[in-house]
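Keep the structure open beside you as you read.

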Amino acid sequence: MTQVKAYAAQQADQPLALFDLDRRTPGESDVEIEILFCGVCHSDIHTARNEWGGTKYPVVPGHEIVGKVSAIGTGVTKYKVGDTVGVGCFVDSCGHCNNCEKDLEQYCENGNSQTYNSLLQDKKTITYGGYSTHIVVTEKFVLSVSDKLPLEAVAPLLCAGITTYSPLKHWNVKEGDKVAVVGLGGLGHMAVKIAAAMGAEVTMLSRSPEKEKDADALGAHHFELTTVAENMKKMSGRFDIIIDTVSAQHDYNEYLKLLKTDGTMVLLGVPPQMEQIHAGSLIFGRKSLVGSLVGGIKETQEMLDFCAEHNIVSDVEVISIDKVNEAYERTIAGDVHYRFVIDMASLKN
């Protein structure tokens with residue numbers, strides 16, 4: 001075991017603070033990574049504050065990790081010391097269930113090992129995330145990262161990027177398709193960039209008129225205020241797919257009206273309570289209301305390669321680790337464009 005520095009929450013009502021963490025010595029198939037940058041996801045906040053229940057304290061959040069390989073096990077063949085790599089939302093899975101065999105480790109039927117606040121496949125070792133100087137991950141769950149892009153802005157791709165890429169790819173978004181994105185935040189801004197790069201005609205749907213300028217800069221072709229009834233009426237039957245990133249309670253029926261026949265609305269946000277879905281919202285037009293998680297390892301690598309090819313990164317604000325509690329409050333308040341990323345060099349000093 002090797003002791004490394006980290007930041008952890010000790011209780012739901014306590015701020016994150018310095019914590020000494022034991023990482024395992026790399027085994028035969030393990031890759032040790034010196035973490036350079038780690039994004040701050042809203043899931044980190046929910047978990048640190050036990051808002052979803054089930055948090056195991058102390059908890060070290062962070063699943064948007066980019067760094068350099070610092071050591072490898074004797075059986076590792078894909079990576080060498082010095083390579084630039086990433087780690088996303090999970091670090092292992094059973095490997096043999098129906099979903100794992102289809103490269104859908106995110107839906108592992110026996111439970112994948114989340115990057116933090118989870119258990120490794122031995123079902124007893126707790127995982128600790130990227131708010132630390134180093135992490136050790138089995139080779140299969142390490143991702144190659146291009147050095148062409150600014151690494152601090154690549155980090156959020158490991159969650160926000162793949163969360164939006166996966167449904168766009170799964171529902172076969174292509175050139176000329178009309179895509180709407182609901183909510184311009186950490187997920188929404190990535191959905192706009194990726195859908196536009198796929199050749200779609202992208203419309204940003206928002207309640208905030210001040211976001212129109214940002215939507216245009218991100219690559220959206222249109223911007224519509226959802227608070228204006230006439231706007232919603234004129235968009236009826238317009239879109240092939242709607243990517244809904246909003247976690248606040250809102251009426252899905254109003255957005256389902258905007259889909260074409262056979263259109264699909266994908267839920268990425270998780271409101272505390274869901275509005276009632278009227279059967280007619282789906283029946284009239286053979287419409288689909290679906291959900292999506294992140295992608296598997298193969299698809300996440302595909303996303304990273306796509307983003308490198310199209311020069312896509314997240315819009316980020318880089319902070320030192322001692323500002324993470326302040327960043328949590330600002331994230332809750334929506335005061336970030338559009339993702340905080342921790343410079344982990346600040347933890348080593």
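On the side of domain 1 that touches domain 2, helix 10 gives the most, with 6 residues. Helices (H or I, at least four residues) and strands (E, at least two) are DSSP runs, numbered from the N terminus.

A word on the ground rules: this is a predicted model, in which local features need pLDDT of at least 70 and side-chain atom pairs count only at pLDDT 80 or more, while totals for chains, interfaces and linings use all residues. Residues are numbered from 1 along each chain as its sequence is written, and side-chain values use heavy atoms, with hydrogens and water left out.

Now for the domains themselves. The domain assignment gives domain 1 as 2-159 + 295-347 and domain 2 as 160-291; such bounds come from an automatic or database domain assignment. Taken over C-alpha atoms, the centres of domain 1 and domain 2 are separated by 28 Å. Contact, meaning heavy atoms within 4.5 Å, involves 19 residues of domain 1 and 18 residues of domain 2.

The size of an interface is often given as the accessible area lost when the parts come together. Between domain 1 and domain 2 the buried area is about 1600 Å², and carbon and sulfur atoms give 58% of that. Cys159, Phe306 and Tyr338 are the residues of domain 1 that lose the most area to domain 2, together 35% of what that side buries. Buried area is the accessible area (1.4 Å probe) that two parts lose on being put together, summed over both.

Charged pairs also cross this boundary: the count between domain 1 and domain 2 is 2 salt bridges. A salt bridge is a side-chain nitrogen of Lys or Arg within 4 Å of a carboxyl oxygen of Asp or Glu. Glu302 forms a salt bridge with Lys169, and their closest N and O atoms are 2.5 Å apart.

How far apart should the ends of its 14 residues be? At 1.5 Å a residue, residues 297-310 should span 20 Å, and the end C-alpha atoms are 20 Å apart, which agrees; the expected span is 1.5 Å times one less than the number of residues. Among the buried residues of helix 10 are Ile297, Met303, Leu304, Phe306 and Cys307, where buried means under 20% relative accessible area, exposed over 50%, and partly exposed in between (1.4 Å probe, protein chains only). Their cover includes strand 6 (90-92), strand 9 (143-144), helix 3 (151-154), helix 4 (160-170) and helix 5 (186-197).

Just after helix 10, Asn311 takes a positive phi of about 60°. In the loop between helix 10 and strand 16 (316-319) you will find Ser314, which is buried at a relative accessible area of 3%. Not counting residues up to four places away in sequence, Ser314 touches Ala153, Pro156, Leu157, His189, Met190 and Lys193.

Lys193 also has a charged partner, since the side chains of Asp315 and Lys193 meet in a salt bridge (2.6 Å, N to O). This pair links distant parts of the chain, with Asp315 in the loop between helix 10 and strand 16 and Lys193 in helix 5, 122 residues apart. Asp315 counts as partly exposed at 27% relative accessibility, whereas Lys193 is buried at 16%. Elsewhere, salt bridges that share partners join Glu224, Lys234 and Arg238 into one network.

The count by this rule comes to 18 salt bridges. Another of them pairs Lys80 with Asp83 (3.0 Å, N to O); Lys80 is exposed at 53% relative accessibility, while Asp83 is buried at 18%.

Finally, turn to Cys100 in helix 2 (residues 98-101). Is Cys100 buried or exposed? Cys100 is buried, with a relative accessible area of 4%. Leaving aside neighbours within four places in sequence, Cys100 is in contact with Ser93, Cys94, Gly95, Glu105 and Cys108. The C-alpha atoms of Cys100 and Gly296 are separated by 8.5 Å, although the two residues are 196 residues apart along the chain.
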